[in-house]
Structures are given as structure tokens and as C-alpha cells.
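Hello,

Here is the structure I promised to pass on. Please look through it first, then read my notes below.

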Amino acid sequence: YSSVVCQTPSHSAGSVGANIVSLTGSGSESLHYEFVPRTFLRAVQPSFSASQLGSLVTVLGINFVAGSVCKFGQHVSQAAFTTSTMLLCFAPSQPESEVELAVSMNSVDFTDHTVPFAFMHPATIQRLDPSVGPGSGGKTVTVNGENFFYTPNLQCRFGSGSPSPGNFISSYQIRCITPSSMPANVSVSISFDGEDYVDSDNRYVFLPHVGIASIYPSFGFVSGNTIVSVGGNFAPGKYSCKFGELVVPA
């Protein structure tokens, strides 16, 4: 078995017959060859991967076809064809680096235009501050860790609830707002792309909601020592009472 290498001429889109012609003018059996419009690459979403397992990304462009491949630097991966303007590509785990992403419809011709793609060092969560809060939610929790980075899609998730926007502070801190919750002990995770989440063994405890319905009597002497009864919704536990800025045991 042998082969002959040819370079195709410029041609309008469409199917043609391709064969080999010898120096004597004799021709081979004709095979099908198709000229297709040139593929153009526009963007990739997200433009980074911070997962140790790799990430699925959306590639946007023009004239994509089934059987296309994506190339992250020197690594080629098969693309899942969605439409002529969208592909799904798997970005494999690689050392921290920035590479160029290109697309090919036939694994030979790659797009002239490329887009940058960054492989980030995987982030880790080390500590939550605080790790306990009321079930009414609305409290700020600082997530401490390493290798955090800014992205407009930064999200926090408490347990299996709906995610909420995170606030990037530094490569070591992200701030999250707790949702309302029944009493629970839940995991806390963060996501930089809204798809892949960074998990940890750190837990956040939602305490029972404390609701005050009545106070009797509602006034007393400035000298203090008035016994006051506060009615409401309290779970068993230890409490304090706060009058203005002064806290006394209950």
C-alpha cells in the first residue's frame, strides 16, 4: 500500500470527484471529495479550566461540521457537534499555562484565528469564617483558600441549594452571602464558571431561627434588675439578651 500527497486547489463549495492522473495520462477510479466553507472561530466559554478532571467548554464560531476537533495548545480532543455555530469540547487537565485554542473540521486544517485559553491551578477551600449562622440567612461568610481568581460567573453554593453570586476579594478569599435555610449542617462549594464546583470538607451550620414575639414588661427602672420575659420561637439552647449595646445572660 502506498500513497500520493496532493494539495487541493481553491474551489467553490460542493462535491467533486477526486482521482489520480499518471504522467501517461491514465486516470484512477474517482472518489468523492467535498469542498466546504472555511471554519471561523469566535469565542470559547468559559475561557479557562480550573478542574483537575478537565472541563467541558462551549466553542462558538461559523461553519462547524460534525466530526470537528478542538486543539488546546498541542492537545487535540474530539468535539461534540451541536450546531454549525456551536461545539462542545473537553479541555483536558494540564499544568498551569495559557494556550491557543483552534478548531478543525477534518483534523488537518485548523482555523487561522485562535482564541486564548487558560489552564488554572486548581483552587482549594481551607476554612470558613464564620462557620455557623442563623437560618434566616443574609450573613457574610468568608471562604478562605488558595488559587482563587476573578470571574464574572463566580458562585457560592450551600449544600444542594441554588447558587448565589460570590464576591472575589483576593486569591485567598471569596465572600458569600448565606441563603435562608432550615436548621442544617451543609457543605460549602464555589464555582468559577457556574458548572464545575470546588468542594471541601468544611461545613456550615444553619441554626434554628430565633423569633421574638413579645416582651413583658416593656419598661423598667434605669437601675436595672427588672426581670423581663421574652416570648417567641426558641429552640432548646443557651441564649443571651441584648438591651441596646449591653448583653446579659438569659
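**A serine with positive phi**

Ser107 is partly exposed, with a relative accessible area of 45%. Buried means under 20% relative accessible area, exposed over 50%, and partly exposed in between (1.4 Å probe, protein chains only). Ser107 sits in the loop between strand 9 and strand 10 (115-119). Its phi is positive, about 70 degrees, although Ser107 is not a glycine. Most residues other than glycine have a negative phi, and most peptide bonds are trans.

Before going on, some ground rules. This is a predicted model, in which local features need pLDDT of at least 70 and side-chain atom pairs count only at pLDDT 80 or more, while totals for chains, interfaces and linings use all residues. Residues are numbered from 1 along each chain as its sequence is written, and side-chain values use heavy atoms, with hydrogens and water left out. Helices (H or I, at least four residues) and strands (E, at least two) are DSSP runs, numbered from the N terminus.

**Other backbone exceptions**

Asn63 also has a positive phi, about 65 degrees, and is not a glycine. Its place is in the loop between strand 5 and strand 6. Asn63 counts as partly exposed because its relative accessible area is 27%.

Ala66 is found in the loop between strand 5 (55-62) and strand 6. At 58% relative accessibility, Ala66 is exposed. Ala66 and Met105 are 39 residues apart in sequence, yet their C-alpha atoms are 7.5 Å apart.

Two cis peptide bonds deserve a look. One runs from Asp129 to Pro130, with omega near -5 degrees. Pro130 lies in the loop between strand 11 and strand 12 (132-134). Another runs from Tyr216 to Pro217, with omega near -10 degrees. Pro217 lies in the loop between strand 21 and strand 22 (229-233).

Eight strands form an open sheet with mixed pairing, in the order 3-5-8-7-6-9-10-4. Strand 3 (40-45) and strand 4 (48-49) are the edges, each pairing on one side only. Two strands pair if DSSP finds at least two bridges between them. Strand 6 (residues 69-72) and strand 9 (residues 97-104) are antiparallel, with four bridges. Cys70 stands opposite Val103 in strand 9.

**Disulfides**

How many disulfides does a search of the whole structure find? It finds two. A disulfide here is a pair of cysteine sulfur atoms within 2.5 Å.

Cys70 and Cys89 form one, with sulfur atoms 1.8 Å apart. Cys70 lies in strand 6 and Cys89 in strand 8 (residues 86-91), so the pair ties together parts 19 residues apart in sequence. Both Cys70 and Cys89 are buried.

Cys156 and Cys176 form a disulfide too, with sulfur atoms 2.0 Å apart. The torsion about their S-S bond is about -70 degrees, so this disulfide is left-handed. Cys156 lies in strand 14 (residues 155-158) and Cys176 in strand 17 (residues 173-177), so this pair ties together parts 20 residues apart in sequence. Cys156 and Cys176 are both buried.

Counting bonded cysteines along the chain, the pattern is 1-2, 3-4.

**Cores**

A nonpolar core is a set of buried Ala, Val, Leu, Ile, Met, Phe, Trp, Tyr and Cys residues joined through side-chain atoms within 4.5 Å. The largest has 22 residues. Val143, Phe158, Ile174, Ile190, Phe192 and Tyr204 have the most contacts inside it. Strand 18 gives the largest share of this core, three residues. A second, separate core of 17 residues includes Val57, Val59, Cys70 and Leu87.

Contact means heavy atoms within 4.5 Å. Beyond residues up to four places away in sequence, Ile190 touches several residues, including Cys156 and Ile174.

Ser214 is found in strand 21 (residues 211-216). At 41% relative accessibility, Ser214 is partly exposed. Leaving aside neighbours within four places in sequence, Ser214 contacts Ser229, Val230 and Gly231.

Best wishes
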